[in-house]
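Student: I would like to learn how to read a protein model feature by feature. Could you take me through this one slowly?

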Amino acid sequence: MQALSVEAKSAYDRTRFAWLAADTVLETTDTQALSRQARIAIARNAASTATARRGIAISGAAGMGKSTAALLLGKRHDRSERKRLGREDDREFAPVVYTVVPPATTPKMLMQAFAQWLGLPVLQRATAPMLAEQVVAVLRTLGTSLVIVDEVHNLKTNRQAGAEAASTLKQFADRLDATFLYAGIDLPTTDLFAGEMGRQIKARMILHEMTPYSIGTKENRESWADLVLGVENLLPLAAHIPESLVEESHYLWDRTGGSIGALRGLLSDAAIGAILDGTEKIDRRRLEATATDYAAQEHHRSHSRSSASKSKKHGLRMAQ
């Protein structure tokens, strides 16, 4: 590190910042379970059937890694299909498509999102059925077998436009020989899963709930410590002591509420701070000086108040 010139060190640091900001995915119990379920659903849906195809819904609070998990499943399926069919470099083959449901979406906005992902021209006068017809035709040509629809909680079926968009999505799914994977915040409580249409959608979906890590049992604590170690191993710091953050795993859970997103954010920001000031390591002092997202802060304050209350019951007081 000391042998680098100022320019080389600056370039190296920018590379490290990019690495820390990248969506590097860690294998977790959630990704393992979802990969297994996706393989089952895709294999089942590959058979010709007159009944509705089975889909997968990934639900959870913000910061649980739903989108990351969905994209990982997409990458794995894309790689598997290209290898299976010998089409690794075929640009006219797209086993996976991905789109995000826009807020307050309408049927046309929803189909525009698919068209834009595919790079299709969208005429201003085009209607939702016209766009759907165009998108379905292209996806069939591309051999798409997995469709990922992210942020489906944006479908508000208690409004006419949202209900029509949800109906459009259901009809769209019925017309494709593909497995649909939905991801969104707290899906069981959303409009999409409510009412008659919601019952139809739920009947064909396998729901996977992503929840925060817990430290209530020895097994839970070991799983959380493994996650901390996995994130720590991604940190490109010259002076950091390997595995030293495992000793801070309880503190890190307290700071992040067991959220993998909050943990990644906290340790990445701490690492960037350590690079900027030249210390090149993370310790408790660095962690305490690094802010977390607001949701994690709320958890930390709530946990601190709970601990303070318990301390008072035992005749203790918090140090000032």
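Tutor: Just after α4, Gly119 takes a positive phi of about 75 degrees. Please keep in mind that this is a predicted model.

Student: What does the secondary structure of the chain come to, and what share of the residues is buried?

Tutor: The chain holds 12 helices and five strands, and of its 320 residues, 43% are buried. Among contacts between residues at least 6 apart in sequence, 69% join residues at least 24 apart.

Student: How should I check the length of a helix such as α4?

Tutor: Counting 1.5 Å a residue, the 12 residues of α4, numbered 107-118, should span 16 Å, and the end C-alpha atoms are 17 Å apart, which agrees.

Student: Which residues of α4 are buried?

Tutor: The general idea is that an α-helix has 3.6 residues a turn, so residues three or four places apart point the same way. In α4 the buried residues are Pro107, Leu110, Met111, Ala113, Phe114, Ala115 and Leu118.

Student: At what angle do the axes of α4 and α5 cross, and which residues meet there?

Tutor: The axes of α4 and α5 (residues 128-142) come within 9 Å and cross at roughly 30 degrees, and this crossing is left-handed. From α4, Pro107, Lys108, Met111, Gln112, Phe114, Ala115 and Leu118 meet Ala128, Leu131, Ala132, Val135, Val138, Leu139 and Leu142 of α5. The residues of this contact divide into 12 nonpolar, one polar and one charged.

Student: How are α2 and α3 placed relative to each other?

Tutor: The axes of α2 (residues 29-45) and α3 (residues 66-85) come within 10 Å and cross at roughly 50 degrees; the two helices are therefore oblique to each other, and their crossing is right-handed. On the α2 side the contact is made by Thr31, Leu34, Ser35, Ala38 and Ile42, and on the α3 side by Ala69, Leu72, Leu73, Arg76 and His77. Sorted by kind, the residues of the contact of α2 with α3 are six nonpolar, three polar and one charged.

Student: Is Glu81 buried or exposed, and which residues does it touch?

Tutor: Glu81, which lies in helix α3, has a relative accessible area of 13%, and because buried means under 20%, Glu81 counts as buried. Leaving out residues up to four places away in sequence, Glu81 touches Phe93, Pro95 and Ser145.

Student: And where does Asp23 lie, and is it buried or exposed?

Tutor: Asp23 lies in the loop between α1 (6-21) and α2, and with a relative accessible area of 63% it is exposed. The C-alpha atoms of Asp23 and Thr68 are separated by 7.4 Å, although these residues are 45 residues apart along the chain.

Student: How accessible is Ala104, and how accessible is Glu151?

Tutor: Ala104, at 56% relative accessibility, counts as exposed, whereas Glu151, at 32%, counts as partly exposed.

Note on methods: Residues numbered from 1 in each chain as written. Predicted model: local features only at pLDDT ≥ 70, side-chain atom pairs only at ≥ 80, totals over all residues. Heavy atoms only, no water. Helix = DSSP H or I, 4+ residues; strand = E, 2+ residues; numbered from the N terminus. Expected span 1.5 Å × (residues − 1). Buried < 20%, exposed > 50% of the residue type's maximum accessible area, 1.4 Å probe, protein only. Axes fitted to C-alpha atoms, helices over the stretch in contact; angles between N-to-C directions. Parallel < 35°, antiparallel > 145°, perpendicular 65-115°, else oblique. Left-handed = near helix turned anticlockwise from the far one by under 90°. Contact = heavy atoms within 4.5 Å. Nonpolar A, V, L, I, M, F, W, Y, C, P; charged D, E, K, R; others polar.
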